[in-house]
Amino acid sequence: MIKKIIPAVVGLSLLAGCGSNTENKVSIEPKATKVDKAHLYYNGDIIPMSTLQPSTVEAVVEQQGKIVYVGNLAKAKDQFSNIEHVDLQGRTLLPGFIDPHSHFGMVSNTMGQVDLNPPPVGTISSIEQMLAALKAYKAENNIAEGEWIYGWGYDESQLTDKRHPNKLELDEALPNNPVYIQHTSGHMGVANSLALEKMQVSAATKNPEGGMIGRLPNSNEPNGLVQETAMYPFVGHMLQVLNSKQAEFFEQTQDFYAAKGITTAQDGMTDREAIRFFQSQADQGKLKIDLVSLAGFSELESNLKDASLKFKDYKNGFKVQGTKIIADGSPQGKTAYFTQPYLTKVEGCQTDCKGLPSLSQDTLNDLFKLAYGADNQLFIHTNGDASIDMIIKAHEVASKALKQPIDKNRRTVVIHSQFVRPDQLETFKKYNIEPSFFTNHAYFWGDVHVENLGKERANFLSPIVSADKLGLKYTNHSDATVTPIDPLFTVWSAVNRLSRSGKIIGAEQQASPYQALQAITSHAAYQLFEEDSKGTLEVGKAADFVVLDKNPLTVKPMQIRDIKVVQTIKNGKPIYQINSKATDAAQ
């Protein structure tokens with residue numbers, strides 16, 4: 001029996017005129033009927049993402065939501081009689097972006113919280129500004145005394161105060177409301193006195209396994225900071241309060257993803273109640289994009305016994321792909337688990353501070369055995385190299401215990417793999433484990449990582465170049481709400497690896513634009529066992545497209561973040577366009 005744990009809610013250029021060597025034939029009758037109207041996309045940079053090196057084709061034809069032709073423009077015109085021409089006007093067409101890892105539900109929930117993000121995401125640069133924003137939110141929204149108030153996205157490393165706020169400061173600002181504010185990492189937060197009281201956290205409360213309760217100086221009295229497993233009750237209660245508003249924000253959240261070119265989104269850790277909600281929305285025909293969910297590991301046993309829960313199978317655009325495990329914490333929050341200590345002071349730790357694992361090795365082993373025995377795909381949140389060692393060990397133990405091949409193609413995904421070592425990457429390749437990287441860290445916390453971990457470790461964060469050389473099918477994500485949903489910014493961060501201060505964090509790991517695009521198209525489809533249906537522009541696959549105003553492969557690397565999504569198309573139907581004149585709509 002697995003111990004029940006409450007889940008946390010946490011320079012290659014494209015040559016102009018280069019053509020693809022693979023031209024796809026139509027898979028239906030050459031002459032389309034009036035009923036089966038086709039749409040021909042042409043006169044732009046069409047990048048199929050189906051080749052190892054960058055290539056373009058002249059035309060793509062969509063019919064009945066599927067791609068039916070990819071190749072030469074003249075041949076496409078000859079193949080189809082009943083066809084509508086969609087002139088790209090020099091813009092760039094790519095497969096729709098696949099979100100490798102974010103938290104769709106949390107993005108939705110932020111619409112009912114106070115935005116405490118620092119620039120450039122938000123405006124909060126000090127604790128004083130944070131407290132003012134909380135007070136203003138209460139007044140502007142007429143929140144009654146006694147009602148919970150939640151905030152998200154604060155980052156002590158970017159505050160002028162260079163520290164977390166404490167409960168006394170929150171008490172002064174909002175003495176009559178329970179308040180909980182979530183750290184940008186999603187691995188800790190701060191509660192005021194009323195919130196601590198309601199969650200029964202006091203001086204007598206001991207640190208839970210895998211967690212830490214901050215204390216006031218020279219006292220056992222909580223200071224409001226709760227890290228890792230200690231924050232779970234607060235986050236769980238927050239979800240109960242905010243889930244009632246999910247339906248209200250569901251369409252708005254989809255539109256937010258679609259505006260970024262995303263045609264397949266992910267909810268990176270979903271409890272059963274949220275799974276039921278998402279499926280109900282899908283069954284009512286309310287999904288504009290595909291939504292992939294990862295079930296929480298604390299419910300793994302019951303989920304596997306539930307005949308009504310079918311993993312890996314879409315139903316009306318929604319599916320539960322596998323199970324999410326949280327194995328350690330946050331590197332910027334200094335709770336990620338390393339083999340070597342942090343170089344700066346760690347709150348709650350005096351010596352040899354290496355962070356902490358969220359689960360014991362035995363618990364991880366049991367989870368892996370249970371999941372592997374049921375062919376349940378695992379996605380494991382793991383940042384530090386010591387935690388990655390634990391994941392590799394659990395994989396080996398489970399494979400041996402079940403007498404399964406060590407390299408069985410389960411496509412176990414190590415989410416973040418932020419500070420994976422070179423030898424661990426080689427083991428990933430040997431064992432068919434795939435990393436999902438997080439290069440946005442180079443910008444948002446690259447300077448912080450250099451300070452906390454030293455240049456050698458910091459420069460190897462999210463090593464796409466090394467992973468590519470090994471032939472790994474890596475992805476790269478936003479982990480929203482940790483960083484904003486914006487695949488093109490993720491491409492920019494992978495290519496430039498520039499920090500807030502303008503330093504390059506690991507020049508040897510600067511990816512090519514094509515490598516960075518693979519991480520959110522073809523590779524992302526592979527990690528979800530969807531390489532036969534999406535991720536590239538090939539005949540028979542879903543007509544999921546994104547149209548950009550410029551080509552990420554030909555603009556200057558620093559300009560990638562400025563590229564605009566002109567249109568997003570799901571199964572042949574536009575679900576977002578920047579304005580009515582942006583492109584000839586394929587209706």
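Which two residues form a disulfide, and how far apart are their sulfur atoms? They are Cys-349 and Cys-353, with sulfur atoms 2.1 Å apart. Before we go on, note that this is a predicted model, where local features need pLDDT of at least 70 and side-chain atom pairs count only at pLDDT 80 or more, while totals for chains, interfaces and linings use all residues. Residues are numbered from 1 along each chain as its sequence is written, and side-chain values use heavy atoms, with hydrogens and water left out.

Back to that link. A disulfide is a covalent bond between the sulfur atoms of two cysteines. Here the rule for spotting one is a pair of cysteine sulfur atoms within 2.5 Å, and by that rule the count is 1 disulfide. The link of Cys-349 and Cys-353 is left-handed, with -105 degrees about the S-S bond. How covered are its two ends? We call a residue buried under 20% relative accessible area, exposed over 50%, and partly exposed in between (1.4 Å probe, protein chains only). Cys-349 is partly exposed because its relative accessibility is 23%. Cys-353 has a relative accessible area of 9%, so it counts as buried.

Next, find Thr-412, which sits in strand S17 (residues 412-416). Strands (E, at least two residues) and helices (H or I, at least four) are DSSP runs, numbered from the N terminus. Thr-412 has a relative accessible area of 1%, so it is buried. Setting aside neighbours within four places in sequence, Thr-412 is in contact (heavy atoms within 4.5 Å) with Tyr-372, Leu-378, Ile-380, Asn-432, Ile-433 and Glu-434.

Now for some open space. The largest pocket has a volume of about 680 Å³. Of the 30 residues lining this pocket, Glu-156, Lys-162, Arg-163, His-164 and Lys-334 are the closest to its centre. A pocket is an open set of points on a 1 Å grid over the protein atoms alone, where a 1.4 Å probe fits, with protein on both sides within 12 Å along at least five of seven lines; lining residues have an atom within 4 Å of a point. The volume is the space filled by probe spheres set on those points, which are joined across faces, edges and corners. Helix H14 gives the largest share of the lining, 5 residues.

Last stop: helix H17, residues 487-496, is mostly covered, with 10 of its 10 residues buried. Among them are Phe-489, Trp-492 and Asn-496. Just after H17 comes Arg-497, which takes a positive phi of about 50 degrees.
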